[in-house]
Amino acid sequence: MIDPRSLPTDLQELVGRLTDDGQQVGDLPGMRRPRGGRSRRAAVLILVGEDRMDLTFTERPAHMRKHPGQISFPGGSLDQGETAVQAALREAREEIALDTTGVQVLGRLPNAHVPASGFDVAGIVALWDGTSPIRPASPDEVAAIHRYPLADLADPANRFTARLPTGYRGPAFVFDDIFVWGFTAHLVDTLLDLSGLAVPWPQEKELDVPWRFLREGKGPDTPVED
């Protein structure tokens, strides 16, 4: 069991509100499971860098058939016999060459059901020193790695409401030409709320999702690969 008092101040409140890997948890707001539907299980690693107090995101290559260019957390579906934590750490090793021996798992966010893909996704929150080398381990899966401080993610200047012609509205984070939206943005939004770092932001600031980050046009479904 991790003693929250040993963690950076910004994470102490968050850890107290996370669940552990074995508990049944609810859905994220806006990501409800359809009744009677069966889901596959997946996990993503929400990696907090202790050196910068930031989150690590991946950018998918533009040539990919599914979700080209989209921003997400390392992750994918669970292999047979895997826990969500094991899957999230494995995917991080495979996608960004993360040395997971130094990663400290803090807990998990509430499960989120992603309707377009049919996955139940566990957001595994973990701490790393932030200085161990990482890189796109597979150019076919990861084109670039982006790290954004929690303070910048919470900054109202970087927060918008993503908009689709279908009527979808949801949280978004914009840094220069990088547009974080959909499922990934919902996870970030929830993490900021649970950690007490969220501040009021003008939700009436709406932006259309750029074509580069949309392409398939299926709604707020950030990639979770089989």
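These are my notebook entries on what I looked up in this predicted model.

**Entry 1: ground rules**

I number residues from 1 along each chain as its sequence is written, and my side-chain values use heavy atoms, with hydrogens and water left out. Because the model is predicted, local features need pLDDT of at least 70 and side-chain atom pairs count only at pLDDT 80 or more, while totals for chains, interfaces and linings use all residues.

**Entry 2: the chain as a whole**

I found 4 helices and 12 strands in the chain. Helices (H or I, at least four residues) and strands (E, at least two) are DSSP runs, numbered from the N terminus. The chain has 226 residues, of which 54% count as buried. Buried means under 20% relative accessible area, exposed over 50%, and partly exposed in between (1.4 Å probe, protein chains only). I then looked at contacts, meaning heavy atoms within 4.5 Å. Among contacts in the chain with a separation of 6 or more, 71% come from residues 24 or more positions apart.

I looked up aromatic pairs next. Rings of Phe, Tyr and Trp (its six-membered ring) pair if their centres lie within 6.5 Å; planes under 30 degrees apart count as stacked, over 60 as edge-to-face and the rest as tilted. The count by this rule is 5 aromatic pairs.

One of them joins phenylalanine 57 and tyrosine 148; this pair is tilted, with 5.9 Å centre to centre and 50° between the planes. Phenylalanine 57 belongs to strand 2 (residues 54-59) and tyrosine 148 to strand 8 (residues 144-149), so this pair ties together parts that are 91 residues apart in sequence. I noted both phenylalanine 57 and tyrosine 148 as buried.

What is the arrangement of the rings of tyrosine 148 and phenylalanine 175? Their centres are 4.1 Å apart and their planes are at 10°, so the pair is stacked. Phenylalanine 175 sits in strand 10 (residues 169-175) and tyrosine 148 in strand 8, so here the parts tied together are 27 residues apart in sequence. Phenylalanine 175 is buried, as is tyrosine 148. I recorded one aromatic cluster formed by Phe57, Phe73, Tyr148 and Phe175.

For tyrosine 148 the relative accessible area is 11%, so the residue is buried. Setting aside neighbours within four places in sequence, I listed the contacts of tyrosine 148 as Asp54, Leu55, Phe57, Leu153, Phe175 and Ile178.

**Entry 3: a charge over a ring**

Which residue lies over the face of phenylalanine 160? I found lysine 205 there, at 4.2 Å from the ring centre. The rule is that a charge sits over a ring if NZ of Lys or CZ of Arg is within 6 Å of the ring centre and within 35 degrees of the ring normal.

**Entry 4: helix 1 against helix 4**

Helix 1 (residues 9-17) packs with helix 4 (residues 182-195) at an angle of about 105°, and their axes are 7 Å apart. Axes are lines fitted to C-alpha atoms, for helices over the stretch in contact, and angles run from 0 to 180 degrees between N-to-C directions. Helix 1 is therefore roughly perpendicular to helix 4 (under 35 degrees is roughly parallel, over 145 roughly antiparallel, 65 to 115 roughly perpendicular and the rest oblique).

From helix 1, Asp10, Glu13, Leu14 and Arg17 meet Leu191, Asp193, Leu194 and Ser195 of helix 4. I sorted this contact by class and got 3 nonpolar, 1 polar and 4 charged residues. Ala, Val, Leu, Ile, Met, Phe, Trp, Tyr, Cys and Pro count as nonpolar, Asp, Glu, Lys and Arg as charged, and the others, Gly among them, as polar.

I also checked glutamine 12, which is in helix 1. Glutamine 12 is partly exposed at a relative accessible area of 30%. Its C-alpha atom is separated by 7.7 Å from that of serine 195, 183 residues apart along the chain.

**Entry 5: loops and positive phi**

Most residues other than glycine have a negative phi. Alanine 97 has a positive phi of about 55°; this alanine is in the loop between helix 2 and strand 5 and is partly exposed at 24% relative accessibility. Aspartate 176 also has a positive phi, near 55°. Aspartate 176 is in the loop between strand 10 and strand 11 (178-180), and its 81% relative accessibility counts as exposed.
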